[in-house]
Amino acid sequence: MEIVESLEDIPVQNPQAEDFSYTDLTWTKFGTTEHHDEVALIPYARVDEFIIGECSNPDSPTRFHIERGRKRSRGSLKEYKSDEYLEYRMYWCSFGPENYGEGGGVLPSRKYRLKTRNRAARPQSMRGCMCNFVVKRLYARPSLALLIYNERRHVNKAGFVCHGPLDRDA
Ligand SMILES: [Zn+2]
């Protein structure tokens, strides 16, 4: 796949389905040959619908929680890149990232638990899932969100599917 270096060259996608997910979007490699991410641009107003769609993945029903979040105020930057964030949120599958399968504990980040309508059961234990993506509300274009998928598969560090119907240990 071709690598796109300018955000302006990436089309905004607005899927017709109410809740949509990774498979409803066309993903672009954005960055440089040395470092690029798999991204898609959507209206910021539809971020929640994307998250709901991702939670309803038939192979890996799950929830996502905000693992990391940052914000800056409008007008705070004089110079900025086109992919600079106004709001940055990293969503992580609630079956990860830490592995609390042997005993457990509540992660501090769980205070950010999302209150979205959701069919998936709450995880019984952490499985070390590495699935995560970033939502960047763009500083230059606040009506848009840049989605960056870091790990699409619901796998642990060793690369094995770690929850859902495809998990042979479940
Ligand atoms: Zn997962």
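This is a predicted model: local features need pLDDT of at least 70, side-chain atom pairs count only at pLDDT 80 or more; totals for chains, interfaces and linings use all residues.
Q: How many helices and strands does the protein chain have?
A: Helices (H or I, at least four residues) and strands (E, at least two) are DSSP runs, numbered from the N terminus. Here the protein chain has one helix and seven strands, and along the sequence they follow the pattern β-β-β-α-β-β-β-β.

Q: In what order do the strands form the sheet?
A: Two strands pair if DSSP finds at least two bridges between them. In this model the seven strands form an open sheet with mixed pairing, in the order β1-β2-β3-β7-β6-β5-β4. β1 (3-4) and β4 stand at the edges with a single partner strand each, so one side of each has no neighbour in the sheet.

Q: Which strands pair with β7, and in what sense?
A: Strand β3 (residues 36-43) and β7 (residues 144-151) pair in the antiparallel sense over six bridges, and L41 stands opposite L146 in β7. Strand β6 (residues 132-138) also pairs with β7 in the antiparallel sense, over six bridges; there, R137 has A145 as its bridge partner. A hairpin of five residues joins β6 to β7.

Q: How many bridges join β2 to β3?
A: Strand β2 (residues 28-31) runs antiparallel to β3, and four bridges join them. F30 stands opposite D37 in β3.

Q: Where does the helix pack, and which of its residues are buried?
A: A residue is buried if 20 or more other C-beta atoms lie within 10 Å of its own, exposed if 12 or fewer, and partly exposed in between, with C-beta atoms placed from the backbone. Two residues are in contact if their C-beta atoms, placed in that way, lie within 7 Å. The buried residues of α1 are F50, I51, G53, E54 and C55, and they pack against β3, β4 (64-71), β5 and β7.

Q: Which residues have the most contacts inside the largest nonpolar core?
A: In soluble globular proteins, nonpolar side chains tend to be buried together. A nonpolar core is a set of buried Ala, Val, Leu, Ile, Met, Phe, Trp, Tyr and Cys residues joined through C-beta atoms within 7 Å. The largest one here has 28 residues, and those with the most contacts inside it are I42, F64, Y91, C93, C129, L146 and L147. Two or more residues come from each of β3, α1 (47-55), β5 (85-93), β6 and β7, and β5 gives the most, with five residues. Leaving out residues up to four places away in sequence, C93 touches T62, F64, C129, C131, N132 and H154.

Q: Why does N156 count as buried?
A: N156 is found in the segment after β7. N156 is buried because 21 other C-beta atoms lie within 10 Å. Apart from neighbours within four places in sequence, N156 is in contact with R127, G128, C129, M130 and C162. The C-alpha atoms of N156 and E98, 58 residues apart along the chain, are separated by 9.7 Å.

Q: What share of the protein chain counts as buried?
A: Of its 170 residues, 25% count as buried. Among contacts between residues at least 6 apart in sequence, 72% join residues at least 24 apart.

Note on methods: Residues are numbered from 1 along each chain as its sequence is written.
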